[in-house]
Amino acid sequence: MNRLGVQPRSSPARPAELAVLGNVEHPATLTVGDLRDGWEQHRAEVVFDCATSGPQQHRFEGPLLREVVLDAHPLFDVRRRKDRSRFVLAVSGGDGHRTVLAWAEIDADFGDAPVLLATRLDGRDLDTAGSQLVVPVDRCGARYVSAITHVWVGGWPVPA
C-alpha cells in the first residue's frame, strides 16, 4: 500500500527476449512466445548432474537451436561442410552463465545433437523467466544456460 492507502497495481511481467546476432544475414530479437509460435516444438526428457544441486531430472520443450539460427541465415555456405564446421555459437544468459557450441555439434550432417531453446520447463511456460539452453547429450548441466539473452553466431577466423 502507498501513503494514500491504495494498493498499487502490479504491472504484468515483461516477456523475456533473446537476440540472435553475429555473422547472420537477419539478426533478430525473439521472445519466448516467438520461439514457441515460430518453430516446431521438440521435447527432451533429461537427467544431468548439477554441481550445486546434484542430479536433476526435467522435461523441456522448445525449438531446435539449429532451426532458429538457420532462420537468421548464418553467413556460411550451406553446401560446403567445411565452411559450416568452422562456425561457433556463443550463448549468454541473464544468470551470468555463458557457453560455446560448435555448429558441427548441432548440424544434421555432423553431430545432429537435439539442442533446444526451451520455452517450457516441466510444463511451465518460460515467457518471463527466459528461454533455457538444453543440451540433452550432456551428462553435466554446465551448458544449460538459463534466461538466454544472446545467441552469437560466427565463423572461426581464417589464419592469414
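## A tour from sheet to pocket

Start by selecting strand E1, residues 17-22: four bridges join E1 to E2, and the two strands run antiparallel. Keep in mind that this is a predicted model. To see one of these pairings up close, pick Val20, whose bridge partner in E2 is Ala28.

Now widen the selection to the whole sheet. Five strands make up this open sheet, and you can follow them in the order E2-E1-E11-E5-E6, with mixed pairing. At the edges you will find strand E2 (28-31) and strand E6 (98-102), each of which pairs on one side only. Look along the sheet and compare neighbours: on average they are turned by 20 degrees against each other, direction ignored.

Pro136 has a relative accessible area of 27%, so it counts as partly exposed. Show its surroundings, leaving out neighbours within four places in sequence, and you will meet Ala44, Val46, Pro114, Val115 and Tyr144 in contact with Pro136. For a sense of scale, draw a C-alpha to C-alpha distance from Pro136 to His73: they are 25 Å apart in space and 63 residues apart in sequence.

Finally, visit the largest pocket, with a volume of about 280 Å³. Of the 17 residues lining it, select Phe48, Cys50, Gly141, Ala142 and Tyr144, the closest to its centre. Colouring the lining by class will show eight nonpolar, seven polar and two charged residues.

How values were computed: Residues numbered from 1 in each chain as written. Predicted model: local features only at pLDDT ≥ 70, side-chain atom pairs only at ≥ 80, totals over all residues. Heavy atoms only, no water. 1 Å grid on protein atoms, 1.4 Å probe; cavity = no way out; pocket = protein on both sides within 12 Å on 5 of 7 lines; lining within 4 Å. Points joined across faces, edges and corners; volume = space filled by probe spheres on them. Nonpolar A, V, L, I, M, F, W, Y, C, P; charged D, E, K, R; others polar. Pairing = 2+ DSSP bridges. Axes fitted to C-alpha atoms, helices over the stretch in contact; angles between N-to-C directions. Buried < 20%, exposed > 50% of the residue type's maximum accessible area, 1.4 Å probe, protein only. Contact = heavy atoms within 4.5 Å.
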